[in-house]
Every structure is written in structure tokens, then in C-alpha cells.
Amino acid sequence: FAGVFVDRWGRKPVMFFSHFLRVLVVLAVFLSSETIGWLYALVFLTSIITKFFFPAEAGAIYQYVKEKKLLLTANSLFSLTFFGSVIVGNVLAGPFLLIFGPNWTFFIVAMAFLLAAVFTYQLPGNGAIHLQTLTVQGVFSDFLAGLDHLYRTPKVRLGIFLLGISQITIGILGVIAPGFAD
């Protein structure tokens, strides 16, 4: 659903602001990490920001890889590095918490988002936000067109299904892996 907005706003600015907003959200943990409601709100906010980041990042591959024959390789490399970093991050979460403690771990995560924002800013393109008129009808129409494409294209449906299964598996590992640091 967020991809409909990303297409109207531009990929580079959405990626940059997503990274920058996640820096602020992670640092907001220091304001009141003792309140569970505050932590739930921050996790929810991070999730919303990330929902805008992923379609911008995925669409950027097509924007920056000009030769169509290299798209499969670029997408494969993207998937490999993305899922690899998720797995490595989940594996290192426990040891980082034990070695550095929660405050330094959150600070390191915030600085990683800041570094990602700096790298994103360096991408080619002007990064101007293209504020096209957003109407409920236009957004809903684009959303339905995406669902129609999903319905009519079996390979896309299979890809979405396999992606969902892999993310569920990685999510389960993400919950289990930090506990092995003890």
C-alpha cells in the first residue's frame, strides 16, 4: 500500500527520510525506555516508516540498474544482502546486548541508520520530492491495479508467497537467536 505513495513522492527522498526518521525513533528509546507502552509505540512507528522504505528501496533497483539483463543479478544480490544482513543482525543482537548493554546497542543501531541516510543522500539523482496530488480515488485505484496484477500473474503470486515464508522463518529465527547468547 505504501508503494502507491512512494511512486508519487520519489524513491530517493523516501529512503533518505525513512533512514533519518528511524534514527530519531531509535534515539527516542532513551527518552523513556522503562515504559512498555512507549516502546510499543516506537516499534509501531518504526514499522510504519519501514513500510514506506521497502517499496522505495526495491523500486530504486530498477531506477539505478539501466541494463535490463542485469536486473535479475541486481535483484538477487539485493535479496542476498538483505536477508543475509537480517540473519547476521539477529545473530549479533544477543552478543551486542551482552557486550555493550542496551544503551550502546541502540546507539549503534541509530548510527547505522544515520550512516545509511548519508549513503542514500549520495545516490545519483536530485532527490526532490515530487508531491503529486494525492486523492483517495487515485491511491485506491493504484492499489487495486496492484492487486489485479498480483491476481493475474502467477509468478508474482508465487514470489510473494515464498517471500512471506522466508520472512516468517527469519522472524522466528530473530526471536530465537538472541537467546542463544546466554
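Biologist: Which helix does phenylalanine 5 lie in?
Modeller: This is a predicted model, and in it phenylalanine 5 belongs to helix α1, which covers residues 2–9.

Biologist: Why does phenylalanine 5 count as buried?
Modeller: Its relative accessibility is 17%, and because buried means under 20%, phenylalanine 5 falls on the buried side of that cut-off.

Biologist: What share of the residues count as buried?
Modeller: Of the 182 residues in the protein chain, 22% are counted as buried.

Biologist: Back to detail. Where is threonine 50, and is it buried or exposed?
Modeller: Threonine 50 sits in helix α3, and it counts as buried because its relative accessibility is 15%, where the cut-off is under 20%.

Biologist: Which side chain does threonine 50 join in a polar contact?
Modeller: The side chain of threonine 50 is joined to that of arginine 22 by a polar contact of 3.3 Å.

Biologist: Which other residues of α3 are buried?
Modeller: Besides Thr50, the buried residues of α3 are Leu42, Ile49, Phe53, Ala56, Gly59, Ala60 and Ile61.

Biologist: What span should α3 have, and what does the model show?
Modeller: With 29 residues at 1.5 Å a residue, α3 should span 42 Å, and since its end C-alpha atoms are 41 Å apart, the two values agree.

Biologist: Now the packing: at what angle do α3 and α4 pack?
Modeller: Helix α3, residues 36–64, packs with helix α4, residues 71–121, at an angle of about 145 degrees, and their axes are 9 Å apart. The crossing of α3 past α4 is right-handed.

Biologist: Which residues meet there?
Modeller: From α3 there are Phe54, Glu57, Ile61 and Tyr62, and they meet Leu71, Ala74, Asn75, Phe78 and Phe82 from α4. Sorted by class, this contact has seven nonpolar residues, one polar and one charged.

Technical notes:
Residues numbered from 1 in each chain as written. Predicted model: local features only at pLDDT ≥ 70, side-chain atom pairs only at ≥ 80, totals over all residues. Heavy atoms only, no water. Axes fitted to C-alpha atoms, helices over the stretch in contact; angles between N-to-C directions. Helix = DSSP H or I, 4+ residues; strand = E, 2+ residues; numbered from the N terminus. Left-handed = near helix turned anticlockwise from the far one by under 90°. Contact = heavy atoms within 4.5 Å. Nonpolar A, V, L, I, M, F, W, Y, C, P; charged D, E, K, R; others polar. Buried < 20%, exposed > 50% of the residue type's maximum accessible area, 1.4 Å probe, protein only. Polar contact = N/O pair within 3.5 Å; in protein donor to acceptor, adjacent residues only side chain to side chain. Expected span 1.5 Å × (residues − 1).
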